[in-house]
Amino acid sequence: MGIAHNTLLAAAVLTTMVIIMARPSIQHTVHLTNMLRHKILIVHCQSKDNDFDARALPVGESIQWSFEPNLFGGTLFWCKLAVEDKRLTFTAYEQSGFEQNGAYTGHWYVGGNGVYRKGKYTNDVVFKAAWRRVWPRR
């Protein structure tokens, strides 16, 4: 390897470091609210690097978490929900490539039919995933 190759490699490393250090901190936030009538919701949300542990979420209450997405993409959070004999797993946040469009706030609502998401740019609430029944073992 010649001097030109080493110089080019050093320049690439230095440029990458400058981009990473100059990047502003962008906080993303996910909210999940229990809108079930008279039922406590069991919620367990996590990513590859973060596990928020299962918790009981009373009616009308919310959980939320904030994070910085990976500079090069790939950030993914999912949640497992349970109430009585029903279960549901859904993707709460999935990063699509290199994002430069600022902070993200996602609002999820859990109701009798499943999970709903508030629109990113509107107040429309859209059905996203249905409950599935888990029959008792005999």
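The model is predicted: local features need pLDDT of at least 70, side-chain atom pairs count only at pLDDT 80 or more, and totals for chains, interfaces and linings use all residues. Residues are numbered from 1 along each chain as its sequence is written, and side-chain values use heavy atoms, with hydrogens and water left out. Helices (H or I, at least four residues) and strands (E, at least two) are DSSP runs, numbered from the N terminus.

**Overall fold**

- Along the sequence, the pattern reads α-β-β-β-β-β-β-β-β-β-β.
- The protein chain has 138 residues, of which 30% are buried. Buried means under 20% relative accessible area, exposed over 50%, and partly exposed in between (1.4 Å probe, protein chains only).
- Take the contacts between residues at least 6 apart in sequence: 54% of them join residues at least 24 apart. A contact means heavy atoms within 4.5 Å.

**Strand β2 and its partners**

- Strand β2 spans residues 41-47; five of its seven residues are buried, so the rest of the structure largely encloses it.
- β2 pairs with strand β3 (residues 55-57) in the antiparallel sense, over three bridges. Two strands pair if DSSP finds at least two bridges between them.
- Leucine 41 faces leucine 57 of β3.
- β2 also pairs with β5, again antiparallel, over six bridges. Here isoleucine 42 has alanine 82 as its bridge partner.

- β7 (residues 105-110) and β8 (residues 114-118) are antiparallel and share three bridges. Their hairpin has three residues between the strands.
- Tryptophan 108 stands opposite arginine 117 in β8.
- β8 runs antiparallel to β9 (residues 125-130), with five bridges joining them. Six residues link these two strands in a hairpin.
- Lysine 118 stands opposite valine 125 in β9.

**Buried residues**

- Asparagine 34 lies in strand β1 (residues 28-34). Its relative accessible area is 0%, so asparagine 34 counts as buried.
- Leaving out residues up to four places away in sequence, asparagine 34 touches Lys39, Ile40, Leu41, Leu57, Pro58, Val59, Gly60, Glu61 and Val110.
- Proline 69 sits in the loop between β4 and β5. This proline 69 is buried, at 5% relative accessible area.
- Proline 69 and histidine 28 are 41 residues apart in sequence, with their C-alpha atoms 7.2 Å apart.

- Glycine 73 is in the loop between β4 (62-67) and β5 (76-83). Its relative accessible area is 14%, so glycine 73 counts as buried.
- The C-alpha atoms of glycine 73 and serine 96 are 6.3 Å apart, although the residues are 23 apart in sequence.
- Glycine 73 is among the residues that line the largest pocket, including also Ser47, Phe67 and Leu76.
- The largest pocket holds about 230 Å³ of space. On a 1 Å grid over the protein atoms alone, a pocket is an open set of points where a 1.4 Å probe fits, with protein on both sides within 12 Å along at least five of seven lines; lining residues have an atom within 4 Å of a point. Grid points are joined across faces, edges and corners, and a volume is the space filled by probe spheres set on the points.
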